[in-house]
Every structure is written in C-alpha cells, then in structure tokens.
Protein chains: 2
Amino acid sequence: MQDERLTQQALTDMDPAEFRRLGHQVVDWIADYLAHPERYPVLSQVAPGDVKAALPQTPPTEGEAMDDILADFERIILPGITHWNHPNFYAYFAVSGSAPGILGEMLTAALNVNGMLWRTSPAVTELEEVTLSWLRQMLGLPPDFWGIITDTASVSSMTALAAAREHLGLGVRQQGLAGRDDLPRLRVYISEQTHSSVEKAALLLGIGQEGVSKIPTDAEFRMRPDALEAAIEADIAAGWRPMAVTATVGTTATTSIDPVPAIAHICRKHNVWLHVDGAYGGPAAIVPEMRWVFDAVDQADSLVVNPHKWLFTPIDCSALYSRHPHVLRRAFSLVPEYLTHTAGSQVTDYMDYGIQLGRRFRALKLWFVLRYFGERGIAERIAHHIEMAQEFAAWVDASPDWERLAPTPFSLVCFRARPAALADDEAALDRLNDALMARVNATGKAFLSHTRLNGRYTLRLAIGNLRTTRADVAQTWDLLQEELAALVASA
Amino acid sequence: MQDERLTQQALTDMDPAEFRRLGHQVVDWIADYLAHPERYPVLSQVAPGDVKAALPQTPPTEGEAMDDILADFERIILPGITHWNHPNFYAYFAVSGSAPGILGEMLTAALNVNGMLWRTSPAVTELEEVTLSWLRQMLGLPPDFWGIITDTASVSSMTALAAAREHLGLGVRQQGLAGRDDLPRLRVYISEQTHSSVEKAALLLGIGQEGVSKIPTDAEFRMRPDALEAAIEADIAAGWRPMAVTATVGTTATTSIDPVPAIAHICRKHNVWLHVDGAYGGPAAIVPEMRWVFDAVDQADSLVVNPHKWLFTPIDCSALYSRHPHVLRRAFSLVPEYLTHTAGSQVTDYMDYGIQLGRRFRALKLWFVLRYFGERGIAERIAHHIEMAQEFAAWVDASPDWERLAPTPFSLVCFRARPAALADDEAALDRLNDALMARVNATGKAFLSHTRLNGRYTLRLAIGNLRTTRADVAQTWDLLQEELAALVASA
C-alpha cells in the first residue's frame with residue numbers, strides 16, 4: 001500500500017511546495033527583468049542556428065530538475081530573445097504586456113480552463129462579455145456592437161470576412177463555393193496599404209488573390225473612396241459580387257486612416273459588408289482628442305481592435321466586434337452531441353462564433369489591465385506616446401539631413417536620412433537608409449523596422465512601449481544622427 | 001524638470017517592486033490552489049448572469065489598486081470557474097496544465113515577444129523547431145515530419161485542409177473557388193465520429209457541408225475503409241474531386257481509432273491528402289505499449305497532436321506536422337515589405353505557414369514540460385491514466401446495473417446505468433442517465449459529460465488529469481452508484 005502511494009505520488013504534477021519556491025524565483029527574475037530590460041540588446045545578436053546548436057537533438061529520457069531548466073532558459077534562450085520590452089524597441093508596432101497583464105496570465109495558466117462553453121467556466125464567458133462591453137464604451141462604440149475575443153487580428157479579420165461571405169446569402173455554408181455554376185466571382189476590397197492578414201484571410205476563404213481588389217491610396221496613403229466606388233461599380237457591371245470592404249484605422253506601414261465615413265456610405269449604398277481594421281490604431285480612440293479616428297465606425301459591420309498591441313495586454317488578445325453576431329453564428333456554429341447542454345439560450349457559448357473550439361481565459365488579463373490603469377490612465381499613456389512621436393517628427397522636420405515620408409497621426413514616424421550630398425539619388429538614398437538601419441539595429445541600443453513608400457526605403461519609428469521615455473527617444477535620435485555621420489564619413 | 005520626471009514615472013507600467021510583491025502573492029495563491037483544487041466544486045455552481053451581475057456595467061475611469069482587483073478575482077471570478085484542475089474532472093477530455101508549464105507561461109507573458117519572424121526572437125523559432133523535433137521523436141514519427149505550433153487543433157486541422165486544397169493544383173490561391181466553370185466540386189471525407197472542428201474548417205475553406213462526406217463507422221466507431229473507398233470512387237465517377245481524408249486516432253466521443261493503415265492505402269491509391277487527427281490520442285504513442293496507435297501515420301500528409309490535451313501543457317498549444325511544409329507555405333505565405341529581411345533562406349519565418357501573423361512563445365512551456373517530466377515520466381503518467389480507465393471499465397463490466405457502450409483503448413470510458421428494472425426501455429434509460437449525470441455534476445464532487453452512441457445517451461468518464469488518483473476514481477464510482485440508487489428509489 002505504501003509502495004503504491006509512493007508510485008502515485010511520483011505520477012502526479014510537481015509538488016506544490018516546489019512550485020512555490022520556483023514560482024517566487026521566476027517572479028523575482030521577472031521583476032528584475034522588467035526593471036531593466038535595457039540591459040539586454042534590443043535586437044537579438046545571435047546568428048541563425050545558434051540557439052538550436054546549444055540544445056540537444058534528442059528529447060530527454062528522464063525528467064530533469066527545474067532549476068537546471070531555468071538556468072538553461074537564461075543561458076540559451078535569453079540571448080535569442082529580441083526584447084520587445086526594451087524602451088528602444090521601435091520596430092513594427094511597439095507593445096507592452098504590462099505587469100497587471102502578466103499577473104492575469106499567471107492565473108490563466110494556473111486555472112487552465114477552456115472557455116468553449118459557458119458551463120466549462122461561466123466566468124470566462126461572462127467576464128469576456130463584460131470586458132468587451134467596457135472596451136466598447138471606452139472606444140465610443142454603440143451598444144449593438146457585440147464582441148468576442150480571439151487570439152490575433154489575423155483570426156479576427158478572417159472571422160469577419162467569413163461572416164461577410166455567409167451574409168451574401170449564397171448558400172456557401174451548405175453548398176460551398178467550388179464547382180457551382182450559380183455563383184458569381186467574389187470580390188474583397190482593401191487598399192494598397194491594408195495589412196497582409198486580410199488578403200491571407202481572403203485566400204483561406206477561397207476568394208483567391210484575383211478576388212482581392214487593391215484600391216489605390218491618396219498622397220497620405222488613405223484609401224481613395226472615388227476609386228473604391230468606381231471599382232465596385234465596374235465589378236458589378238462585369239458580374240462580380242462585392243463581398244466586403246476593409247477600411248483601416250492606422251495602417252501598418254504609415255498608420256494612415258482610411259476615410260471611414262465615405263467608405264461606409266459606399267458600402268451602405270451597395271450593400272457591402274464593411275470591416276474596419278483598428279488593430280493598432282483603435283485604442284487611440286480612448287483618448288478624447290483622438291476619438292475622431294473612429295468617425296463613422298458605428299456604421300461598420302465588424303471591427304477589430306487589438307488589446308495586445310496598444311492596450312498593454314500580453315500577446316495574444318484581439319477583440320472582434322460585430323453588429324451581426326447571428327451571422328457569425330451561422331457561419332461557424334456546429335454543435336455535436338457531446339457539447340450540447342441544457343443552459344440553452346440564456347447563455348453565450350463563444351465556440352459558436354469562431355473557428356476555434358478551445359478558448360484560453362484571455363478576458364482575465366484584459367480585465368486586470370483595464371482596471372489597473374483605468375480609462376484615464378490608458379488615455380494618458382496613449383496620448384503620451386503620440387506626443388513623443390510628434391516631438392520626434394518635429395526633429396526630423398527641422399533637420400536638413402532628414403525628411404519625413406508620411407503624416408504622423410498616431411505614434412509612428414516614417415522618415416529617412418537625406419543628406420544634401422545624395423540629394424535626389426533615390427537608389428543611393430535607399431542603400432544609405434538600409435545600411436543606416438542595419439547599423440543602428442546592430443548596436444543593440446535601438447531596433448527600428450522599415451517599409452517602402454512610393455518606392456522609397458522608409459524607416460519606421462513606432463512608439464507604444466510603456467517604458468519608453470522622452471529621454472529614450474532623444475537618445476535614439478542622437479544615435480541615428482551619429483550612425484548617419486559615420487556612414488557618410490566612410491562613404 | 002522634476003515635475004516632468006514625475007509625470008513620466010506615472011505614465012509607465014506598475015513599479016517592478018510592486019510587481020514583485022504581487023507576483024509572490026499570486027504564486028502563493030497558485031501553490032495553495034494546485035495543492036487542493038478539490039476544495040472547490042468541480043463544475044461551477046453559479047447561475048447564468050451571476051458573474052456579470054457582480055461586475056460594474058461601465059469601465060473604471062481611474063486606475064484601481066491591484067490588491068483590490070485580485071480580491072475581486074477570488075470573490076467574483078473564482079466561483080464562476082469550472083475546475084479543470086480538480087482530480088474528479090472527467091468531462092470532455094481531462095487535461096493538466098502542469099506546474100512546469102505554468103512557469104513557462106509566466107516567462108512567456110513577461111517576455112511578451114511575437115515570434116512572427118525568426119529575427120523578432122530567434123529563440124522562439126528555434127526552440128519551436130527543437131521541441132517539435134523532440135516530440136516527433138517521442139511519437140515515433142519519421143524525420144520528414146516538419147512541425148509548427150498553433151493555438152488549437154481546430155486551427156491545425158484547418159491549416160492542414162488549406163494545404164490539401166492548395167495541393168490539388170487547381171489555382172485556388174490565385175483564382176479562388178467561386179464563379180469558376182473549370183472547377184469540380186470538392187469533397188472532404190471524415191467519419192461520423194470525426195471532431196466537428198474538421199467540418200468547421202471545411203465550411204471556412206468554402207467546401208460547404210455538402211462537400212463533407214461522413215463515412216459510416218463499424219461497431220467500434222471506426223471509419224469503415226470499404227465505405228470510404230466506395231464513397232471516393234462514386235464521387236470521382238460523379239465528377240467530384242476528393243480533397244482530403246481525415247482519420248482520427250482517438251475520436252472525441254469514444255476515442256476509437258480509425259484504421260489508418262487501410263485508409264492511408266486508399267489515400268495513396270487515389271492521391272488524396274491524408275490528415276490524421278491525434279489531438280487527444282496522439283500523446284499515447286509515447287507509451288511503448290501504445291505505439292501501435294500511430295501505425296501507418298508516417299504515411300499521412302499531415303498530423304495534429306495537442307500538447308494542451310494529454311501532454312500536461314497549459315492551454316493553448318497544438319502541434320501540426322506535415323511532410324509538405326512547402327505546400328503550407330504556398331497556401332499561406334504573403335510577405336509585405338515591412339516584414340522582409342535579409343536573413344533569407346537560412347531561417348524559418350513561421351508566419352509563412354499559417355493564418356496567424358502574431359505568434360506567442362508557446363514552445364517555452366512545451367520545452368519545460370518535456371524536460372521536467374522526460375519521455376519516461378510522460379509515458380508513465382499516460383500509462384497510469386490508461387490503467388485507471390481500464391480499472392473503471394472493469395468495474396462497469398462487472399456490475400449488473402451498468403454497461404459499457406464502447407471499447408476503451410485509451411483513458412475514456414463510455415458507459416451508462418442500466419438497472420434491471422428498466423431493462424430494454426431505451427427512452428427511460430436515456431432519461432435516467434441524463435438525470436444521473438445532472439445529479440452527479442450538481443454535487444460538485446465530480447464532473448462527467450455525455451455523448452450519444454447508436455442513439456443511446458452515454459456517459460463519458462475521461463481520465464487525463466495529473467492529480468487524479470485511483471482513490472478519486474473509486475470514489476467517483478461510489479458516487480455514481482449512490483446517485484443511481486437514490487434516483488431509482490425516488491422513481
């Protein structure tokens with residue numbers, strides 16, 4: 001009997017006392033890390049294959065001590081991390097998984113519940129409803145915007161487009177798209193600046209690249225409503241069926257804001273689903289002075305905003321809103337016997353509204369973040385990021401060796417070096433700026449990414465990290481100038 | 001200047017010292033929780049709306065103290081949790097997010113990196129490659145099985161089917177599916193017992209419900225290869241194009257194992273993509289005596305195994321393997337300028353192989369779990385779960401008032417009460433077992449779910465939790481008998 005109990009003991013999880021000891025150790029490590037993420041190079045300096053080469057090629061047969069595993073985390077994994085927490089992380093979109101969000105993730109991992117049905121943890125469903133209602137109010141959206149949390153904006157937009165496809169009333173759920181002679185070809189309208197995830201969603205949904213119409217943008221990289229309307233009308237005349245338009249509030253390359261009021265008007269006129277991608281820019285609507293970025297968004301059929309981008313929530317957490325939850329349900333709901341239950345229509349089973357059956361308890365971290373910072377605290381932080389970006393943009397504008405390549409409505413600055421010596425040699429400027437970015441990133445002191453605007457190699461400085469201060473931005477401006485001087489001197 | 005610094009201080013994240021204090025508090029809570037999850041009712045006892053009613057309807061304007069928020073977590077959220085950690089959680093599939101996995105999640109949340117590209121954290125990509133290679137070896141799969149981590153089996157299977165669609169060579173990526181007169185209708189073959197997520201994926205991909213052919217199963221709920229072959233041949237004769245077959249190793253209702261060798265033979269003969277769903281059952285192949293469940297799986301084109309199901313990893317973590325990563329890439333890759341880089345073909349950018357651009361660092365928790373328990377420790381735990389289920393099945397078989405309704409190849413027992421008094425009154429037996437399950441679940445002492453097999457209401461007892469002991473299973477057997485006796489007495 002004693003032997004058997006010993007065996008059973010050995011076949012369970014780690015002893016809770018051991019977890020307590022290690023958990024405290026990990027919390028101490030995290031606290032030290034969060035106090036000084038700038039101790040590490042922001043862009044990882046490892047070469048391809050370095051991390052892999054440091055790890056055994058075969059799995060361990062026997063269990064290992066957790067202390068050894070944690071030591072390997074510091075020794076092998078950490079050098080291979082690009083530090084998104086570093087105050088000088090300005091690449092892509094800078095983000096913060098704030099401390100309250102981390103505490104939320106700890107509890108989510110410990111509870112380890114799957115919120116596929118209301119009954120599999122009622123608090124998962126109801127807290128998701130409540131936090132998305134709070135966020136909706138903070139964003140100034142009307143009460144008929146129903147919400148669901150997904151993992152990423154890619155999945156949120158795909159879900160929205162799947163609903164748009166179902167909304168056509170062409171029997172796609174039942175009959176599919178292939179081999180039918182009663183279907184028109186389907187068209188999704190995006191702009192030249194729309195995020196690639198929307199096009200990817202269209203591929204997945206069987207729309208195809210030819211079904212994705214990329215509408216030209218104006219001088220400020222915004223979708224041209226006249227071009228959109230002309231494209232829709234030409235397509236209808238040619239027998240295509242418009243399925244959805246995606247307008248973006250804060251595009252990825254430049255954070256341009258598509259003219260949602262005009263686009264919404266066109267969508268209503270032609271009865272086309274309007275999806276608004278506010279994954280990055282949306283949270284800015286929490287700032288009273290920035291509320292205008294969501295003008296006419298209340299007329300959208302669906303909208304995505306990512307708390308894991310500019311709302312201080314650890315990755316992943318994306319909020320999808322729609323005025324037509326019943327259409328999402330029609331597109332996705334399939335309830336096998338083993339998931340039926342008697343709670344019935346009183347409750348929401350979120351599994352019915354998306355592709356994923358399994359659902360992490362993501363609302364918990366969002367709830368912690370919204371409460372800890374409060375609406376005002378969030379607005380102040382976002383406003384502060386925008387201020388710092390405006391200040392950097394002003395430095396660029398004031399300097400003869402630099403130029404800005406796009407407006408700065410949010411907290412991203414698009415710019416390039418343009419020293420007088422190279423003046424209008426576009427090819428040389430491209431090479432210069434590519435080399436400049438590589439030099440800056442190689443220092444490990446700051447990390448910027450790039451895009452191309454009107455064919456020009458463009459540096460992007462995105463501010464969105466809670467740890468970024470005006471001093472950090474100023475130092476990065478100095479660093480850029482030093483590296484430019486060194487480059488020009490060596491040329 | 002001092003004022004400004006104060007303002008900047010106020011606009012950052014929580015003070016790290018405060019995080020340290022709260023982090024320790026949360027770790028202590030988790031350690032206490034993991035020591036005794038059985039203190040809570042396993043199935044949450046709240047009524048619909050209870051959690052929502054306890055929360056404010058409007059968001060907080062000012063930030064709140066984290067201590068208050070954590071107190072509300074205990075007061076409001078916890079009663080609304082169904083405790084998947086409870087040793088008597090036997091519903092759906094029982095899972096464990098083990099302590100090493102929780103430590104991994106803590107670090108993942110703290111690092112908050114997005115592994116979309118190799119360079120955005122090389123360790124995320126390379127550790128994913130290494131852990132999936134380890135898992136592949138543990139499962140006995142050949143080296144040409146390339147792997148990617150997704151969030152859920154739903155997404156893994158959808159990704160596999162998207163690759164299968166692309167593999168047809170019908171120009172779907174370019175031209176889509178709709179409104180083309182050069183396409184056949186497409187068919188995906190599943191069994192009557194295949195998980196609903198595969199059908200859902202087919203809907204999303206534009207195959208439609210009519211394009212999903214549900215092959216009949218044999219007396220043990222396994223796909224009938226003769227029926228599959230007949231269906232494929234009839235479809236081809238009628239002008240359909242077979243796109244993919246999904247075989248399941250461990251179906252959701254009964255954990256039946258489709259005859260993969262025979263199905264693989266048919267797929268090769270007709271050149272159809274074979275996707276194997278081992279989301280639940282796959283990890284059992286780590287147990288030497290269970291290795292046979294993956295017979296012929298090396299001939300599959302894709303395979304999903306979920307570490308968050310029976311491999312002690314916190315939700316979410318699904319492993320998708322395929323012998324054709326280039327096909328996944330062709331189905332999904334879209335690289336905008338801002339994500340281009342010079343590391344080139346030396347490295348993997350996992351964003352190119354799936355729908356999601358944003359990628360959490362999920363490999364870290366899997367690495368912790370595989371190392372902490374080791375291959376032998378994992379095999380012993382899974383074998384122990386299977387043993388306990390066999391023991392319970394034997395009790396059912398030996399009792400005149402109960403009967404088993406399906407074989408028990410893994411750790412799920414399908415059974416029902418069948419007291420002599422009701423004998424062959426199927427309708428009465430359905431009502432009895434439904435009432436019995438409701439009574440047992442209402443006690444908060446155990447949580448079972450149900451399915452229907454050959455029309456019969458069937459109870460499911462799934463063992464997969466690291467905390468479940470033989471004593472727990474025995475007590476649950478006693479509880480079932482007591483509640484049955486009470487029900488029969490009151491009838």
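Predicted model: local features only at pLDDT ≥ 70, side-chain atom pairs only at ≥ 80, totals over all residues.
## A guided tour of chains A and B

Welcome! Start by selecting chain A, where you will find 16 helices and 11 strands. The radius of gyration of chain A is 25 Å, close to the 23 Å that the globule rule gives for 491 residues, so chain A is as compact as a globular protein of that length.

**First stop: helices H10 and H11**

Select residues 225–237 of chain A for helix H10 and residues 260–270 of chain A for helix H11. Their axes come within 9 Å and cross at roughly 15 degrees. Angles under 35 degrees count as roughly parallel, and H10(A) and H11(A) are therefore roughly parallel to each other. The crossing of this pair, H10(A) with H11(A), is right-handed.

Now show the side chains at the contact. From H10(A), pick Pro225(A), Leu228(A), Glu229(A) and Ile232(A); from H11(A), pick Ala262(A), Ile263(A), Ile266(A) and His270(A). Sorted by class, the contact of H10(A) with H11(A) holds 6 nonpolar, 1 polar and 1 charged residues.

**Second stop: helices H7 and H13**

Next, select residues 153–167 of chain A, which form helix H7, and residues 325–332 of chain A, which form helix H13. Here the axes come within 8 Å and cross at roughly 90 degrees. That angle makes H7(A) roughly perpendicular to H13(A).

On the H7(A) side, the contact uses Thr159(A), Ala162(A), Ala163(A), Glu166(A) and His167(A), while H13(A) brings Val327(A), Leu328(A), Arg330(A) and Ala331(A). By class, the contact of H7(A) with H13(A) has 5 nonpolar, 2 polar and 2 charged residues.

**Third stop: where the two chains meet**

Bring chain B into view. How many residues does the contact take from each chain? It takes 140 residues from chain A and 139 residues from chain B. To see the largest share of the side of chain A that touches chain B, select helix H2 (residues 16–35) of chain A, which supplies 14 residues. Coloured by class, the side of chain A that touches chain B shows 70 nonpolar, 42 polar and 28 charged residues.

**Last stop: the relation between the copies**

Finally, look at both chains together. A rotation of 180 degrees, with 0.0 Å of shift along its axis, superposes chain A on chain B with an RMSD of 0.0 Å. That is the relation of a two-fold axis. Moreover, 99% of the interface residues of chain A are also interface residues in chain B, so the copies meet through the same surface.

How values were computed: Residues numbered from 1 in each chain as written. Chains lettered and ligands numbered in written order. Axes fitted to C-alpha atoms, helices over the stretch in contact; angles between N-to-C directions. Helix = DSSP H or I, 4+ residues; strand = E, 2+ residues; numbered from the N terminus. Parallel < 35°, antiparallel > 145°, perpendicular 65-115°, else oblique. Left-handed = near helix turned anticlockwise from the far one by under 90°. Contact = placed C-beta atoms within 7 Å. Nonpolar A, V, L, I, M, F, W, Y, C, P; charged D, E, K, R; others polar. Least-squares fit on C-alpha atoms with pLDDT ≥ 70 in both. Rg over C-alpha atoms; globule rule 2.2 N^0.38 Å.
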